[in-house]
Structures are given as structure tokens and as C-alpha cells.
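The sequence and structure come next.

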Amino acid sequence: KMIVDLDDRHFLDGDKKNFREYNEMSRPFIEKSLKIADIVWCASKYLANRVSKAFNIPQERVFYIPNGINPNINGWETEEQPRGEKPVFGYIAAIGHDKDLQPLKGLFNEQQMITMRFEGGEIAGHLDYASFLGTAAVGIPPLPLHEYGNLYHDINVSIAPLAKTDFNMCKSSLKIQEAGFKKR
């Protein structure tokens, strides 16, 4: 049996070079795999329905399988909220989520009694999150996958500012699970 695990929508919106290259190189292979797969796993119900309709795959071959967290991996231990004078907000996601962050543009400035931490830094062709979010935004160095849960350590509130778009509706609820696991 061939099982394809599709975590989110397999093509990206955007006119930047990296979006175009990804769509041109990867999309045809992913779509061919979906069409011949015996079973397709999707990380959201919305995505499962969309895949079934778009590729004319019978619904009994397309399954919603939610993402999960392995609590035995370093970093996912339950821990107390950090204490301090002000709350620390965090956006834990890979670089290149420019559209996701649009609702937060300029929100985190020095005069506000909040701090924003985000994963990553400036990468050519992507948004400089610190200048975009405001002067109180501080970058957190990325960690290896097996330590990813530790990125939540110094924040009180995890945010995921997703506008209701087709791409975002196809995403899994993993960020909510992660924040809940870390009590953020």
C-alpha cells in the first residue's frame, strides 16, 4: 500500500522566487503521488475534503489524521509559566510566514508593556520580523527538531495570528496542541 501523509496544502501562494521554484519543482510530484496513493492522510478535515474533491479521490481513501506531540521527546515536558512584570508573547513558527503575521504589524513597540519573541531571524528574501513586528520583538535562535518544544520556555502566551484563508484552513492544529502542551 502507498500512503501519502499531506501535512498542509501542497502548493504555496506568492510571487517570490522561492514560492515559484517550489511550485514548479515539487507540486507535480506531490499531485501525482496523491492520485495514485491507496490512502491519503491529511492534517485537517478541510484539507481532506479539498484533496478528495480536487483529485477525484473517493472519500473512503482520504483520512483526517491530526498531528500530535510525542511527550517523550525533549522539550515537551510540562512546565510552569515564566514569571515577570509583563507578559511575554511568542510566535513560534519557521521564517517565511509573512502573510500570517500581517495582523500583528507594528503591534510590539517599546511603549507597550509586552515583549514579543519569535523563532528565527532575517533570511534573504523573507521578512525581517523584528522590524516588522516592532521594537519589542526579539528573535529566538532556532533549535534542532528534537528540542523544538523548548522554544516555548520563555513565553507566557503563544500566538498564531492566522487569517481565514484557504491555505490556513488546510493547516493542522499543531500550534494549538503545542501551546496547550506547554500551558501557553
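## Burial and surface

Of the 184 residues in the chain, 36% are buried, where buried means under 20% relative accessible area. The model is a predicted one, and the values here are computed from it.

The chain has an accessible surface of about 10,900 Å². Carbon and sulfur atoms account for 56% of that surface.

## Elements and contacts

The chain contains six helices and seven strands. Read from the N terminus, the elements follow the order β-α-α-β-α-β-β-β-α-β-β-α-α.

## The three-stranded sheet

Which strands form the open sheet, and in what order? Three strands take part, in the order β1-β2-β3, and their pairing is parallel. β1 (3-6) and β3 (62-64) are the edge strands. Each of these two has a single partner strand, so one side of each is left without a neighbour in the sheet. From one strand to the next, the twist averages 20 degrees.

The pairing of β1 with β2 (residues 39-42) is parallel and runs over four bridges. Within this pair, V4 is positioned opposite V40 of β2.

Notes: Residues numbered from 1 in each chain as written. Predicted model: local features only at pLDDT ≥ 70, side-chain atom pairs only at ≥ 80, totals over all residues. Heavy atoms only, no water. Pairing = 2+ DSSP bridges. Axes fitted to C-alpha atoms, helices over the stretch in contact; angles between N-to-C directions. Buried < 20%, exposed > 50% of the residue type's maximum accessible area, 1.4 Å probe, protein only. Areas by Shrake-Rupley, 256 points an atom, 1.4 Å probe, with all protein chains shown as cover.
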